[in-house]
Amino acid sequence: MVKIASFFTTMLLIFSYLFGFGSSTVSEGFELVRSEKLPSTASMFSGQGLCYDEEYFYTSGSLTFINFTGLAKFDENMKCIKKQANAVPKEFYEKYGSNHIGGIDCANGYIYAPVEGNIDGEGYLYNFILLYDCETLEYTGTYYDLTSEYLTDGIPWCAIDRENGYLYTSKFDDVTEILQYDLETMNFVKAIPLDEELDRLQGGSVYDGILYLSYDVSDSTTEQVLAVDLTDGSVSVEFTRSLPNYDNEAEDICVYPLADGTLFHLVDYDKLINTNINHYKPVSE
């Protein structure tokens, strides 16, 4: 029965990928301006994270079944400029089982990459922020150990408030608080309680004092972008998206205004080693 279900799901994914089921839609007040389907060779480096430094987009990718991690650099039209394979240093994998980079962010010329470690099936108990050079995509040798009582389910994403000098992150599931760290020292500052429990958080980005989160709705073609008020922990739905392919996995989010009017840039992974970068803009009623 399991094999039959697996075969059915695989075939559904293939037909969905080749032909699409319906079209991509977005809730009222927002518009999908453009979408780029990255080739498989670039998607390996781009299926997890996305950030922007006012000139380039940076992405992260992970294929845990082969212990592959990667980073890539793109222009605003998502033309790949540079790729870095095996981004997580070997010593992290050997010591902590670190084989996954999640949703990234960048500041001060560095990419801040959340890296999870899993040893012998114990779960993602070893959680780090590794710094990479934006110019070369190479690991700088600087890392911060964020393993603590708060991060008991990995470190799936990070988001940087450049204006105020903070980094935010959380667990993946059963999230009741957002964790705040000092960006310069990476010392823990405080936990911000949320007014509702969240699950399956794949990415985050801070814009105009609001933390926007990418929520991957399980087994659904409808995904949500959530807005968190960092002053009081209140959560609201910013907008919803319906994706054409069966069970696209919503990954990271980057919020930054571009010249074409787009503000929300999201990574969607179609589970056939292809990544889609979708760009949305808010529209007046």
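Strands are here DSSP runs of E with at least two residues, numbered from the N terminus. In this predicted model, Asn108 lies in the loop that connects strand 8 (105-107) with strand 9 (110-118). The backbone of Asn108 has a phi near 55°, which is a positive value in a residue other than glycine. Most residues other than glycine have a negative phi. Because its relative accessible area is 63% and the cut-off for exposure is over 50%, Asn108 is classed as exposed.

A positive phi also occurs at Met186, a residue other than glycine, where the value is near 60°. Met186 is placed in the loop between strand 14 (175-182) and strand 15 (188-198). With a relative accessibility of 6%, and because buried denotes a relative accessible area under 20%, Met186 counts as buried, whereas Asn108 is exposed.

Turning to sheet architecture, an open sheet is formed by 4 strands in the order 2-22-21-20, and the pairing within this sheet is antiparallel. Strand 2 (30-38) and strand 20 (249-255) are the edge strands, each of which pairs on one side only. From one strand to the next, the twist of the sheet averages 20°. Strands of a sheet pair through backbone hydrogen bonds, in either a parallel or an antiparallel manner. At the edge formed by strand 2, the neighbouring strand in the sheet order is strand 22; strand 2 and strand 22 (residues 275-282) run antiparallel and are joined by 8 bridges. Within this pairing, Leu32 has Tyr280 of strand 22 as its bridge partner.

Definitions and conventions:
Residues are numbered from 1 along each chain as its sequence is written. This is a predicted model: local features need pLDDT of at least 70, side-chain atom pairs count only at pLDDT 80 or more; totals for chains, interfaces and linings use all residues. Side-chain values use heavy atoms; hydrogens and water are left out. Two strands pair if DSSP finds at least two bridges between them. Axes are lines fitted to C-alpha atoms, for helices over the stretch in contact, and angles run from 0 to 180 degrees between N-to-C directions. Buried means under 20% relative accessible area, exposed over 50%, partly exposed in between (1.4 Å probe, protein chains only).
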